[in-house]
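Subject: Structure handover

Hello,

Here is the structure for you to look through.

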Amino acid sequence: MRPLIQALATVAQNLYLVFPWTRNIYQGGLKKYCVPGLNCHSCPSALFACPVGTLQHFLAGAKGAVRWTGYRLGFSVIGFLLAVGALTGRLTCGWLCPFGFLQESLHRIPSRKLRFPGGLGAVKYAVSILLVVVLPVALSRATAPGEPWYCKLLCPAGTLEAGPLFFVMPELLEQIGPIFLFKLMLLAGLLILAVFVFRPFCRLFCPLGLLYGLLNRVSLLGLRFEKEACEGCGECLASCRMGLDPRVADPDPECTRCFDCLKGVCPNGALSLRPMGSRPTSRDCGRIT
Amino acid sequence: MKLTGVFLLILGAALIGVGVALDEPAAAMMNAVMLCLACLGVG
């Protein structure tokens, strides 16, 4: 069920399939709107804007926006991300993100599976704050907007999804330099790593996963754990491919809300969905005492 | 309900409203329809 929804979401976000004939990216009105997941808007088939790219665009032009009293500082993007995160936490990561879907698909390749080293989680904070916020603002001037440094130096989704541009615009091949080669190696490394480690990019580098993860704690949708019904069999622990304990994982920033732990895993039904709007109780995840 | 979640949801909706009033979606579209060579890592 979930892979099907992930596939449908990926296709729905990238339905401009006539780009080989138009030889350009989609330029219609849908690009006013962001998708909640990471989907590069320079992908020739992308119908919507990428929230990370759009946010950097506004931040990179912030000095000029204030100076020329335009005040377009990306309120709509920040508000959109806040609203999505407050409603569903990291549900987008588990169900709608095309790059998350790709990593999960690669992880299905039979191989020895490795655990993700827990101490590396801090990398995501450093990378996201530096490349998405600090550098776009700091390396800009009021008269000259900065650059989307996260897209430029790191984003593997951009490298992969904007890659078809080389086929429709071969003249771009002449501009390939060290940054592209670095991004290409990073993409290849992450995709190979995804075979062995579950969702390495999401855990190491994704700014959307970072923001939505922080909102997991307060989001209206979540998991409910009934301590009285739990026999401690550990079946739910084995079902979580992020390596979390679903009994306490709901507020964990790494929980992608895939809800794999709900699919008949618990023989006593101790885990269930806490619907939006219901009052959290002592039974809710993360509140075990 | 989680009050913080509700507050952030309302705040998010308000920020979207402010952004729309400032015509941000049009600016976002201008950015998104440009060929972003930075996304590819060239240029």
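Buried area is the accessible area, taken with a 1.4 Å probe, that two parts lose on being put together, summed over both. By that definition, chain B and chain A bury about 3,700 Å² between them, and carbon and sulfur atoms give 70% of it. Lys2(B), Cys39(B) and Leu40(B) supply 19% of the area that chain B buries against chain A, which is more than any other three residues. Please keep in mind that this is a predicted model.

Chain B

Chain B has three helices and zero strands, in the order α-α-α from the N terminus on. Its C-alpha trace spans about 50 × 25 × 10 Å along the principal axes. Of the 43 residues in chain B, 47% are buried.

The interface

On the chain B side, 33 residues are in contact with 58 residues of chain A. What kinds of residue make up the side of chain B that touches chain A? They divide into 23 nonpolar, seven polar and three charged. H1, H2 and helix H3 (37-40) of chain B each supply at least two residues of that side. H1(B) gives the most, with 11 residues.

Five residue pairs are in polar contact across the interface, counting pairs with both residues at pLDDT 80 or more. The count of salt bridges between the two chains is one. Which side chains form a salt bridge here, at 3.8 Å from N to O? They are those of Asp23(B) and Arg72(A).

Salt bridges in the whole structure

Side chains of opposite charge can pair when their charged atoms come close. Over all chains, the search finds 11 salt bridges.

One of them joins the side chains of Asp260(A) and Arg2(A), with 3.3 Å from N to O. Asp260(A) sits in the loop between helix H15 (235-239) and strand E2 (271-274) of chain A, while Arg2(A) is in helix H1 (residues 2-13) of chain A, so the pair ties together parts that are 258 residues apart in sequence. Asp260(A) and Arg2(A) are both buried. They also belong to a network of salt bridges that links Arg2(A), Glu104(A), Arg199(A), Arg241(A), Asp260(A) and Lys263(A).

Another salt bridge is between the side chains of Arg90(A) and Glu254(A), at 3.5 Å from N to O. Arg90(A) lies in the loop between H5 and H6 of chain A, and Glu254(A) lies in the loop between H15 and E2 of chain A, so this pair ties together parts that are 164 residues apart in sequence. Are Arg90(A) and Glu254(A) buried or exposed? Both are buried.

Asp245(A) and Arg247(A) form a salt bridge as well, with their closest N and O atoms 3.0 Å apart. Asp245(A) is partly exposed, because its relative accessible area is 22%, and buried would mean under 20%. Arg247(A) is also partly exposed, because its relative accessible area is 21%.

Helix H5 of chain A

Helix H5(A) covers residues 75-88. At 1.5 Å a residue its 14 residues should span 20 Å, and its end C-alpha atoms are 20 Å apart, which agrees. Of those 14 residues, 10 are buried, so by the under 20% cut-off the helix is mostly covered. Among the buried ones are Ser76(A), Val77(A), Gly79(A), Leu81(A) and Leu82(A).

What covers the buried residues of H5(A)? The cover includes helix H3 (51-60), helix H6 (91-95) and helix H14 (207-215) of chain A, together with helix H1 (3-21) and helix H2 (24-33) of chain B. Just after H5(A), Gly89(A) takes a positive phi of about 60°.

Helix H14 of chain A

H14(A) is largely enclosed by the rest of the structure, because seven of its nine residues are buried. These are Pro207(A), Leu208(A), Gly209(A), Leu210(A), Tyr212(A), Gly213(A) and Leu215(A). The buried residues of H14(A) pack against H3, H5, H6, helix H8 (122-138) and helix H9 (149-153) of chain A, together with H1 of chain B.

Regards

Methods. Residues are numbered from 1 along each chain as its sequence is written. Chains are lettered from A and ligands numbered from 1 in the order in which they are written. Side-chain values use heavy atoms; hydrogens and water are left out. Helices (H or I, at least four residues) and strands (E, at least two) are DSSP runs, numbered from the N terminus. The expected span of a helix is 1.5 Å times one less than its number of residues. Buried means under 20% relative accessible area, exposed over 50%, partly exposed in between (1.4 Å probe, protein chains only). Contact means heavy atoms within 4.5 Å. A salt bridge is a side-chain nitrogen of Lys or Arg within 4 Å of a carboxyl oxygen of Asp or Glu. A polar contact is a pair of N or O atoms within 3.5 Å; within protein, one must be able to donate a hydrogen and the other to accept it, and residues adjacent in sequence count only if both atoms are side-chain atoms. Ala, Val, Leu, Ile, Met, Phe, Trp, Tyr, Cys and Pro count as nonpolar, Asp, Glu, Lys and Arg as charged, and the others, Gly among them, as polar.
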